[in-house]
Amino acid sequence: PANLAQPAFDAGQNDQRAYTQELQLNGSTEQNRLVYVLGLYAFGEKVEENTPGSLGSVGALATGLIPALDEILGVNNRSYAAYGQLTYALTDKLSASAGLRRTLERKRVHKSDVALTPGFNVATLAQVPPGTTVFDLEKSRRTDDFSPYASLSYRFTPDLFSYVSYA
């Protein structure tokens with residue numbers, strides 16, 4: 001069967017790479033009254049896609065009116081975090097916890113569509129010669145977030161535990 005939405009001259013490429021790494025330090029005092037967790041976290045993702053010859057469902061029906069496109073997509077994301085949490089046993093059954101996490105993120109995307117064949121721009125109805133960029137978008141965003149955490153927990157029995165928390 002013929003795939004009209006993705007012609008035979010498609011030689012698309014897709015390259016995706018990602019990493020994630022976490023380092024934790026866990027510990028407690030001798031009597032286990034104070035338990036702590038400290039950590040660092042990193043995440044990275046890079047996506048590069050190139051899909052020449054994409055017509056889309058409307059373009060498949062109107063070949064020659066809507067140009068075949070070279071769709072190019074790039075995504076580049078990074079995230080880093082540092083966190084810590086302390087839990088202190090107030091009694092044998094009652095514990096209080098407090099923690100903080102700081103997260104830094106950067107997200108980027110670049111998407112462009114370039115005409116491979118002549119046709120018309122659907123939005124403007126202007127004629128589009130091959131090599132014309134018909135769509136181009138580049139966005140980037142950075143965030144910096146502090147996330148606090150607090151809880152109070154009570155162990156009624158070894159099998160029954162209740163808590164209240166704020167995050």
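Val 164 sits in strand S8, residues 160-166; strands here are DSSP runs of E, at least two residues long, numbered from the N terminus. Before going on, some ground rules. This is a predicted model, where local features need pLDDT of at least 70 and side-chain atom pairs count only at pLDDT 80 or more, while totals for chains, interfaces and linings use all residues. Residues are numbered from 1 along each chain as its sequence is written, and side-chain values use heavy atoms, with hydrogens and water left out.

Back to Val 164. Its relative accessibility is 54%, so Val 164 counts as exposed (exposed is over 50% relative accessible area, buried under 20%, partly exposed in between, with a 1.4 Å probe and protein chains only). Together with Tyr 88, Leu 90 and Leu 152, Val 164 makes a nonpolar surface patch of about 350 Å².

Next, the strand pairing. Strands S3 (residues 69-89) and S4 (residues 94-115) run antiparallel and are joined by 21 bridges; pairing requires at least two bridges found by DSSP. Within this pair, Gly 74 has His 110 in S4 as its bridge partner. Four residues lie between S3 and S4, which form a hairpin.

Last, two loop residues. Most residues other than glycine have a negative phi. Asn 32 has a positive phi of about 60°. Asn 32 lies in the loop between strand S1 (13-28) and strand S2 (34-54), and counts as partly exposed because its relative accessibility is 46%. Leu 125 also has a positive phi of about 60°. Leu 125 is placed in the loop between strand S5 (119-120) and strand S6 (127-128). Because its relative accessibility is 66%, Leu 125 counts as exposed.

Technical notes: Patches are made of residues with over 30% relative accessible area and no salt bridge: like charges are joined within 9 Å, nonpolar side chains (Val, Leu, Ile, Met, Phe, Trp, Tyr) within 5 Å. Accessible areas come from the Shrake-Rupley method with a 1.4 Å probe; for residues, only the protein chains shown count as cover. A salt bridge is a side-chain nitrogen of Lys or Arg within 4 Å of a carboxyl oxygen of Asp or Glu.
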